[in-house]
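Me: I've got this model open on my screen and I'd like a close look at one part of it, the sheet. Could you walk me through how the strands are arranged and what packs around them?

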Amino acid sequence: MIHVSDPDAATQLTELSAVGAAFPAGAETGDDTVLTPFYSYPAELDRPWVRANMISSLDGGATDDGRAGGLAGPGDRALFGFMRQQADVILVGAATVRIENYSGAQMSAAQRQARQLRGQAEVPPIAVITHSADIPHDAKFFTRTEVPPLILTSRDSIDDTCRRFTGLAEVIDASGTAPDRVDAHVVLRILGERGLRRVLTEGGPSVLNMLIEEDLIDEMCVTIAPILVGGFARRIASGPGEAHTRLRRSHVLTDTAGYLYTRYVR
């Protein structure tokens with residue numbers, strides 16, 4: 001027990017074990033059999049389950065030199081790939097597609113076989129939320145993918161978006177009552193109707209904030225990089241809407257590089 005002057009501030013602290021204490025000796029983040037119990041989706045889902053996977057610097061920045069990839073290390077990249085392997089669909093915002101130059105998901109033969117055994121498509125599609133479909137035609141999102149991406153856009157921009165991206169993507173009206181905006185509830189309803197219930201969102205900050213504001217996040221996986229960035233880097237969630245949603249800690253892992261891999265669930 002920590003003794004402080006304010007009795008309401010006291011709490012019981014627990015020192016978290018190093019990753020080696022939780023993982024079998026010699027195990028690495030690239031070992032899927034080790035990661036599965038830590039990052040499996042709930043079984044028998046009857047609705048979309050939204051997992052968010054983000055990375056932050058020690059001082060709260062979502063980017064380093066403008067890109068989230070600048071914060072990543074080998075362990076984070078391994079978890080990034082593993083979470084994609086588990087997902088039915090990868091949900092991102094248009095700004096993230098542009099800034100990170102996203103490609104479609106890449107799966108090895110063994111990963112495809114594992115997905116088939118779970119009843120999943122061999123490769124999960126990328127679904128992008130965009131109110132205006134401001135995406136360049138030469139983005140890897142279109143040119144380096146095995147499955148056509150989904151563009152979830154507003155009713156006001158649907159005709160123009162269909163015309164611009166014919167043959168490159170499937171364009172879907174995901175508006176709610178506001179014809180110029182995408183509605184997060186409608187997005188998840190559309191994905192659920194397609195059987196895409198294991199949802200992985202990789203941001204960016206505006207999309208994550210939209211999901212937080214609407215109370216649609218089921219779990220948060222946040223990598224904390226041992227890096228200070230300063231400056232005007234955005235937070236991992238940023239937008240006008242606010243919420244107060246308490247999650248419970250599932251686990252915290254670490255590695256020799258000093259990264260922390262956290263998972264919190266409802």
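Reply: Here is a walk along the sheet, then over the helices and cores, with a few single residues at the end. First, the ground rules: this is a predicted model, so local features need pLDDT of at least 70 and side-chain atom pairs count only at pLDDT 80 or more, while totals for chains, interfaces and linings use all residues. Residues are numbered from 1 along each chain as its sequence is written, and side-chain values use heavy atoms, with hydrogens and water left out.

The sheet is open and has nine strands, in the order β5-β4-β3-β2-β6-β1-β7-β9-β8, with mixed pairing. Helices (H or I, at least four residues) and strands (E, at least two) are DSSP runs numbered from the N terminus, and two strands pair if DSSP finds at least two bridges between them. The edges are β5 (170-173) and β8 (248-254), each of which pairs on one side only. On average, neighbouring strands are turned by 20° against each other, direction ignored. As for what holds such a thing together, strands of a sheet pair through backbone hydrogen bonds, either parallel or antiparallel.

β4 (residues 150-153) pairs with β5 in the parallel sense over four bridges. Leu150 sits opposite Glu170 of β5, and Thr153 has Asp173 as its bridge partner in that strand. On to the next pair: β3 and β4 also run parallel, joined by three bridges, with Ile129 opposite Leu152 of β4. Buried here means under 20% relative accessible area, exposed means over 50%, and partly exposed is in between (1.4 Å probe, protein chains only).

Now jump to β1 (49-56). Eight of the eight residues of β1 are buried, so this strand is largely enclosed by the rest of the structure. Trp49, Arg51, Asn53 and Ile55 point one way, and Val50, Ala52, Met54 and Ser56 the other. β1 pairs with β6 in the parallel sense over four bridges, and Ala52 stands opposite Thr201 of β6. β1 and β7 run parallel too, with six bridges joining them; there, Met54 stands opposite Val222.

Helix α3 (residues 74-86) lies across β1, β2 (89-93), β3 (126-129), β6 (198-201), β7 and β9, and runs at about 165° to β1. Axes are lines fitted to C-alpha atoms, for helices over the stretch in contact, and angles run from 0 to 180 degrees between N-to-C directions.

These two helices also meet each other. The axes of α2 and α3 come within 11 Å and cross at roughly 70°. That makes α2 and α3 roughly perpendicular (under 35 degrees is roughly parallel, over 145 roughly antiparallel, 65 to 115 roughly perpendicular, and the rest oblique). Asp32, Leu35, Thr36 and Tyr39 of α2 make the contact with Leu79, Phe82, Met83, Gln85 and Gln86 of α3, where contact means heavy atoms within 4.5 Å.

Gln85 is buried, at 10% relative accessible area. Neighbours within four places in sequence aside, Gln85 is in contact with Asp32, Met107, Gln111, Arg115, Arg118 and Gln120.

What about the nonpolar cores? A nonpolar core is a set of buried Ala, Val, Leu, Ile, Met, Phe, Trp, Tyr and Cys residues joined through side-chain atoms within 4.5 Å. The largest has 38 residues, and those touching the most other members are Tyr39, Val92, Val128, Ile135, Phe141, Phe142 and Ile151. At least two residues of this core come from each of α2, β1, α3, β2, α4 (94-100), β3 and α6 (140-143). A second, separate core of 31 residues has Ala52, Leu91, Ala127 and Leu152 among its members.

Last, two loop residues. Asp183, in the loop between β5 and α8, counts as partly exposed at 25% relative accessibility. Asp183 is 30 residues from Thr153 in sequence and 9.1 Å away, C-alpha to C-alpha. Gly195, in the loop between α8 (184-193) and β6, is partly exposed at 35%.
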